[in-house]
Amino acid sequence: MKIVRKEDVASINNAEGELFYEMIGRGEKLGNSEHRSLGHVVVKKGFSTNKHYHPIAEETYYFIRGTGRMVINEKEYIVKSGDAVLINPKDIHQLFAENEEVEAIVVCAPAFEINNTVFCDMEG
């Protein structure tokens, strides 16, 4: 059993305007979970995540605040608080917070590892 408080976790800043807090995952400080991880992502108004994909992991985003635009494999979707989005392995995806800050809880299986993330060119 492990309790992790957001205020005790340093954010991973993958892109300007994106804050990613890995809350549960690999490593003793995060609970030694190999099968899944849980993160909290905040994308500030006017910014986006980096365009990327995961060769072997699937991700589920559950949006808790704001409305944004998610591009998955070149298709655009409007996402808002209360929506859940499944992203399969190798799906190229990027989240935009054009009009307001967007927050989501992200579950990754197997647990997040940076070497299972491939960054692509940023969308213009």
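Biologist: Where does Pro110 lie?

Modeller: In this predicted model, Pro110 sits in the loop between β10 and β11 (118-119).

Biologist: What makes the peptide bond from Ala109 to Pro110 cis or trans here?

Modeller: Its omega is near -5°, and the bond is cis. Most peptide bonds are trans.

Biologist: Which loop holds Asn73, and is that residue buried, partly exposed or exposed?

Modeller: Asn73 is in the loop between β6 (67-72) and β7 (75-80). Its relative accessible area is 39%. Buried means under 20% and exposed means over 50%, with partly exposed in between, so Asn73 is called partly exposed.

Biologist: What is the phi of Asn73?

Modeller: About 50°, a positive value although Asn73 is not a glycine. Most residues other than glycine have a negative phi. Asn32, in the loop between β1 and β2, also has a positive phi, near 60°.

Biologist: On to the inside. How many cavities of 30 Å³ or more does a search of the whole structure find?

Modeller: The search turns up 1. About 210 Å³ of space lies in the largest cavity, and 20 residues line it, with Asn14, Phe20, His52, Glu59 and Phe112 closest to its centre.

Biologist: Why is that space called a cavity and not a pocket?

Modeller: Because a 1.4 Å probe fits in a cavity but cannot get out, whereas a pocket is open. The search lists this space as a cavity.

Biologist: Which strands supply the lining, and what classes of residue does it have?

Modeller: β1 (18-24), β2 (37-43), β5 (58-65) and β10 (102-109) each supply at least two residues, and β2 gives the most, with 4. By class, the lining has 9 nonpolar, 8 polar and 3 charged residues.

Biologist: What makes a set of residues a nonpolar core, and which members of the largest one touch the most others?

Modeller: The members are buried nonpolar residues joined through side-chain atoms within 4.5 Å. The largest core has 15 of them, and Val41, Tyr61, Phe63, Met70, Val85 and Leu95 touch the most other members. β10 provides the largest share of this core, 3 residues.

Biologist: How do you know that Val41 is in the core, and what does Val41 touch?

Modeller: Val41 is listed among the members of the largest core, and members are buried, which means under 20% relative accessible area. Leaving out residues up to four places away in sequence, Val41 touches Glu18, Leu19, Phe20, Tyr61, Val102, Glu103, Ala104 and Val106. There is also a second, separate core of 6 residues, including Val9, Leu19, Tyr21 and Met23.

Technical notes: Residues are numbered from 1 along each chain as its sequence is written. This is a predicted model: local features need pLDDT of at least 70, side-chain atom pairs count only at pLDDT 80 or more; totals for chains, interfaces and linings use all residues. Side-chain values use heavy atoms; hydrogens and water are left out. On a 1 Å grid over the protein atoms alone, a cavity is a set of points where a 1.4 Å probe fits but cannot get out, and a pocket is an open set with protein on both sides within 12 Å along at least five of seven lines; lining residues have an atom within 4 Å of a point. Grid points are joined across faces, edges and corners, and a volume is the space filled by probe spheres set on the points. Ala, Val, Leu, Ile, Met, Phe, Trp, Tyr, Cys and Pro count as nonpolar, Asp, Glu, Lys and Arg as charged, and the others, Gly among them, as polar. Buried means under 20% relative accessible area, exposed over 50%, partly exposed in between (1.4 Å probe, protein chains only). Contact means heavy atoms within 4.5 Å.
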